[in-house]
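Please keep the model open on your screens while I talk.

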Amino acid sequence: MNARRNTDFNDKLGCDQSVLVLQGGGALGAYQAGVYEALADEGHAPDWVAGISIGAINAAIIAGNAPEDRVPQLRTFWEGLSNELLYKLDIGNGFARRAFNEVSAGWAATFGVPGFFTPRLPTPLPEWPAELDRLSFYDTAPLRQTLLDRVDFERINRAETRFSVGAVNMMTGNFAYFDNSSDRRIGPEHIMASGALPPGFPPVEIDGEWYWDGGLVSNTPLQYVLDNRSPCEMTVFQVDLFPSRGSVPRTMADIAQREKDIRFSSRTRLNTDLSKQLQEMRAAAQRLAHRLPEELRDDPDLHRLLGCRPAGAVAVMHLINRPRGYETMAKDYEFSRMTVTEHWEAGKADAQFSLEHPEWTRRHLKPDEIMTFDLADKAPHRIGQPGVGE
């Protein structure tokens with residue numbers, strides 16, 4: 001990253017930044033669109049949007065459109081993905097709904113999702129050699145055209161809103177972030193790389209390197225945001241699609257879903273706790289520096305400690321999509337219109353409740369303090385959902 005441009009970008013934003021952080025999670029990403037609609041209704045326009053996988057796609061639509069066009073473009077995108085299964089059945093949340101969702105996910109796996117991916121025919125066999133960009137079960141060429149239709153990449157590259165997406169270098173296994181605060185120009189390939197989850201989707205080549213889905217290493221860009229922020233107060237809206245907490249599984253299907261939740265959950269608390277520890281270390285180093293004799297205050301080890309974490313308070317609103325009784329381990333590729341709409345409405349309701357909660361509206365952070373608010377679990381519409389209150 002170009003450090004000079006990064007500094008200039010943060011200076012331009014001023015000292016009260018708002019950041020939207022979006023986790024990966026396929027079809028569950030409609031929840032993030034609902035959260036953003038609630039934020040937009042309340043006048044929250046993020047200065048910085050960062051995402052992984054489906055979060056990278058939602059982030060690109062947000063950063064790549066004028067504020068008044070963002071929600072309509074998100075809705076067009078999600079309605080486009082879900083236009084093959086438009087049925088709305090009054091079947092509750094029991095076995096029948098679970099069966100419907102399994103059929104819906106099976107439809108997507110068999111026939112693909114319009115504007116997103118199509119099955120690769122013939123299906124590659126395990127020992128069947130092919131070009132690297134064809135080693136996958138699905139072709140994501142439709143996604144490229146969708147991104148060109150829904151995202152103004154010139155707007156992203158003008159850096160009116162900071163934009164960051166994460167991917168994994170398939171040869172080194174190292175995380176890479178594509179950020180419009182650097183000299184790199186962002187294109188559809190960077191968003192596609194962030195969502196190239198193998199073996200379903202093929203790797204994406206960028207500047208001679210091949211990249212896979214960022215969720216293979218970390219399914220959230222929260223740590224990247226905290227590590228690269230400017231020394232000022234920051235409000236972070238962290239939107240997760242897989243919960244780290246959950247109920248005790250009762251079936252093999254529950255086991256499969258719980259395993260996926262744990263594997264792709266963001267462990268936001270771990271990230272924020274680490275950042276708190278680093279800020280406390282920096283504060284201790286500052287206190288020590290004042291007590292040191294003049295000849296030791298330029299010690300490089302001391303300066304390293306003083307620079308281990310940027311200053312500034314951080315408030316993190318944590319919004320987590322909770323599993324519902326009818327969902328299965330296929331929930332991240334279940335694109336029926338009914339389920340997509342439910343995810344969108346759940347995200348909007350959770351965000352509205354959290355934004356109005358007294359703990360959020362009356363928050364007061366000390367200098368350099370990092371505080372996390374997980375408020376949606378207290379909402380009346382959440383009562384009875386798995387994992388809530390545990």
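This is a predicted model: local features need pLDDT of at least 70, side-chain atom pairs count only at pLDDT 80 or more; totals for chains, interfaces and linings use all residues.

Let me begin with the pairing of strand E5 and strand E6 (residues 175–179), which run antiparallel and are joined by five bridges; helices (H or I, at least four residues) and strands (E, at least two) are DSSP runs numbered from the N terminus, and two strands pair if DSSP finds at least two bridges between them. Residues are numbered from 1 along each chain as its sequence is written, and side-chain values use heavy atoms, with hydrogens and water left out.

Within this pair, Val165 has Phe178 in E6 as its bridge partner, and in the hairpin of E5 and E6, with five residues between the strands, Gly173 takes a positive phi near 75°. E5 also pairs with strand E2 (residues 48–51), in the parallel sense and over four bridges, and there Val49 stands opposite Phe163 in E5. A further antiparallel pairing, of three bridges, links E5 to strand E8 (residues 209–213), where Trp212 in E8 is the bridge partner of Val168.

Why is E5 described as largely enclosed by the rest of the structure? Eight of the eight residues of this strand (residues 162–169) are buried, and it is therefore largely enclosed; buried here means under 20% relative accessible area, exposed means over 50%, and partly exposed lies in between, with a 1.4 Å probe and protein chains only.

Most residues other than glycine have a negative phi, and most peptide bonds are trans. Asp207 counts as exposed, at 69% relative accessibility, whereas Ala159, which also has a positive phi, of about 60°, although it is not a glycine, counts as buried at 2% relative accessibility. Ala159 is located in the loop between helix H7 (153–157) and E5.

Turning to peptide bonds, the one from Pro198 to Pro199 is cis, with omega near -5°, and Pro199 lies in the loop between helix H8 (188–194) and E7. Another cis peptide bond joins Leu121 and Pro122, with omega about -5°, and Pro122 is in the loop between E3 and E4.

That loop, between strand E3 (118–119) and strand E4 (138–139), also holds Arg120. What is the nearest side chain of opposite charge to Arg120? It is Asp139, 4.2 Å away, and Arg120 is buried yet has no salt bridge, a term that requires a side-chain nitrogen of Lys or Arg within 4 Å of a carboxyl oxygen of Asp or Glu. For charge, Lys and Arg count as positive and Asp and Glu as negative, while His and the chain ends are not counted.

Now to the interior, where a nonpolar core is a set of buried Ala, Val, Leu, Ile, Met, Phe, Trp, Tyr and Cys residues joined through side-chain atoms within 4.5 Å. The largest such core has 69 residues, of which Leu20, Ile57, Trp78, Phe116, Phe163 and Ile191 touch the most other members. Helix H3 (residues 54–63) gives the most to this core, with eight residues. Apart from it lies another core, of 13 residues, among them Ala50, Leu222, Tyr224 and Val316.

Glu37, in helix H2 (residues 30–41), is buried with a relative accessible area of 12%, and its contacts (heavy atoms within 4.5 Å), leaving aside neighbours within four places in sequence, are Val71, Arg75, Trp344 and Lys348. Ser230, in the loop between helix H9 (222–227) and strand E9 (233–240), is buried with a relative accessible area of 7%, and its C-alpha is 8.1 Å from that of Gly312, although the two are 82 residues apart in sequence.
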